[in-house]
Amino acid sequence: MVVYEGKAVFEGVAIGKLSVYKKNEETVKREKVDDVDAEIARYAEAREAAVEQLQALYEKAVKEVGEASAEIFEAHQMMVEDEDFIEAAESIIQSQSVNAEYAVAETGDNFKKMFEEMEDEYFRGRAADIKDISERIIRILQGNGNAGIESDEPSIIVADDLAPSETVQMDKDKILSFVTVHGSANSHTSILAKTMNIPAIIGCSIPLTDEVNGKQAIVDGFEGKVYVDPEPEVLEAKKKILAAELEKKELLEQLKGKENVTLDGQKINLYANIGNTKDLGLVLKNDAGGIGLFRSEFIYLGSEDYPTEDEQFAIYKQVAETLAGKKVIIRTLDIGADKQADYFKLPAEENPALGLRAIRICLTRPEIFKTQLRAILRASAYGKISIMFPMIISVDEVLKIKEILAEVKAELDGEGIPYDKEIETGIMIETPASVMMAEELAKEVDFFSIGTNDLTQYTLAIDRQNQSLDEFYDSHHPAILKMLKIVVDSAHKYGKWAGICGELGADLSLTKEFLAMGFDELSVSPGRILPLRKIVRETDVSRYKAEK
């Protein structure tokens, strides 16, 4: 038995034969051409064929993994038609009188290198996309059509790396898992793996040779390990884990429609966090009680200019109507720090996490804020919408927000536009300052929702995106847990409700503790709703408190 280690990107256990996948790297030769115009036309035809292929992949992916995860193929279509890429490739054909294959390969290499050298991790991750579309166009030019993965029996795919177009073309009935030598936890491939529920490991040192091809193996997505030729006792142990996981999924499905109530009668709301309307299907599928965090900034991040009031209204209205009377909490614009939109023209900052972001932008650019508030208020006539304001540090900020909100309501009243006159408003608790001022703030708002990601970052003085500080980053730090208790107690003292919408809310090891603290709501990614419900329904809070 040989054990290889890597980084797990999706939990689960897979048992089966290994199938080593090696890409058929197309050999591209530099050839002189006499008719440059004809070569440019050939390149244009190949682009059209690539777009058709990617559209077909998009439609297939929508059916299998959902619209949000299928977006990568729309992005690839845009990259195929990118003017800068096209101009660069055509320039090489014209200036050097060479074949289109060579021009595309050269352009792809140049663009890939450019992305790899960028500081931003997201853009570095797009280098793989550039390579994928370049290879697709070259295959078409060479008459090799589509690439894909085929397997005659269910197997564990082992590869250097896998492009999204390759993973989506897999027959899921025949693919047990995939293991790659390279890859990023933030890559589109990893996201697709999670959506497809396929156990996956990246950064694994497994050899891509006949040495492992066809051998029996176990992929343990909990440990991040691959066992090749497992010993009998290891195989039996992993089979038990696999059986337990399958049984757990079946049992969780039976929890749909059940109440989120503990053994001793304590109720809690379990809501979903989403970033756009394409995630609404997941909210309904996982039986969430509502939306505890609609990240409205993604409307701005997906636009090339400030989204209009009507554009925003249409989105908020769709969410409200789809949830059919269930609560929808819309967080106002939370841009800045790691979420940037060029058209905002925000100044460069030495420490963006401590800079002009979220409510600070809204209060210094009230015209943007008012446009969003008008859209949200108009949509509130179509469902049960609440408004939540991020990055609050003082009562004065809340009072300024109230003034602006009152102005917007007066405008709508003057225009005879209907909206929920009693719309609920709350704030995000994300800073130590807001924790310390929780009682004063509770007098001014209807609810608190704790953003534990930023609260932990600011409390521990640790950049949560700095991987080199992972060993110091402790989301269970006693200071954080004490702060959570202060917040929920302050809310309840003034008859307000309190929830958690940060990653910590989905931490199943703390669910009982949150119940004991008295939290009224947990808002998590849709896939965590049922596992949370299971723990809630199995917990006796009184007994838990007595045994602490």
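Student: How does helix 3 pass helix 4, in a left-handed or a right-handed crossing?

Tutor: A crossing is left-handed if the near helix is turned anticlockwise from the far one by less than a right angle, and right-handed if clockwise. Here helix 3 passes helix 4 in a right-handed crossing. Helices (H or I, at least four residues) and strands (E, at least two) are DSSP runs, numbered from the N terminus. Before we go on: this is a predicted model, where local features need pLDDT of at least 70 and side-chain atom pairs count only at pLDDT 80 or more, while totals for chains, interfaces and linings use all residues. Residues are numbered from 1 along each chain as its sequence is written, and side-chain values use heavy atoms, with hydrogens and water left out.

Student: At what angle do the axes of helix 3 and helix 4 cross?

Tutor: Axes are lines fitted to C-alpha atoms, for helices over the stretch in contact, and angles run from 0 to 180 degrees between N-to-C directions. Helix 3 (residues 83-96) and helix 4 cross at roughly 130°, and their axes come within 9 Å. That makes helix 3 oblique to helix 4, given that angles under 35 degrees count as roughly parallel, over 145 as roughly antiparallel, 65 to 115 as roughly perpendicular and the rest as oblique.

Student: Which residues make the contact of helix 3 with helix 4?

Tutor: Contact means heavy atoms within 4.5 Å. On helix 3, look for D84, F85, A88, A89, I92, I93 and Q96; on helix 4, look for A100, Y102, A103, V104, E106, T107, G108 and F111. They divide into ten nonpolar, three polar and two charged.

Student: What span should helix 14 have?

Tutor: The expected span of a helix is 1.5 Å times one less than its number of residues. Helix 14 has 14 residues and should span 20 Å, which agrees with its end C-alpha atoms being 20 Å apart.

Student: How many residues of helix 14 are buried?

Tutor: Buried means under 20% relative accessible area, exposed over 50%, partly exposed in between (1.4 Å probe, protein chains only). Ten of the 14 residues of helix 14 are buried, so this helix is largely enclosed by the rest of the structure. Among them are I368, F369 and L373. The buried residues pack against several elements, including strand 11 (327-331), strand 12 (384-389) and helix 15.

Student: How do helix 14 and helix 15 pack, by angle and axis distance?

Tutor: Helix 14 (residues 366-379) meets helix 15 (residues 395-415) at about 60°, with the axes 10 Å apart. That makes helix 14 oblique to helix 15. Their crossing is right-handed. The residues of this contact divide into eight nonpolar, no polar and seven charged.

Student: And at what angle do helix 12 and helix 14 pack?

Tutor: About 35°, with axes 8 Å apart. This crossing is right-handed, and the contact residues divide into six nonpolar, three polar and five charged.

Student: Is L399 buried or partly exposed?

Tutor: L399, which is found in helix 15, counts as partly exposed because its relative accessibility is 35%. L399 and E444 are 45 residues apart in sequence and 8.0 Å apart in space, C-alpha to C-alpha.

Methods. Ala, Val, Leu, Ile, Met, Phe, Trp, Tyr, Cys and Pro count as nonpolar, Asp, Glu, Lys and Arg as charged, and the others, Gly among them, as polar.
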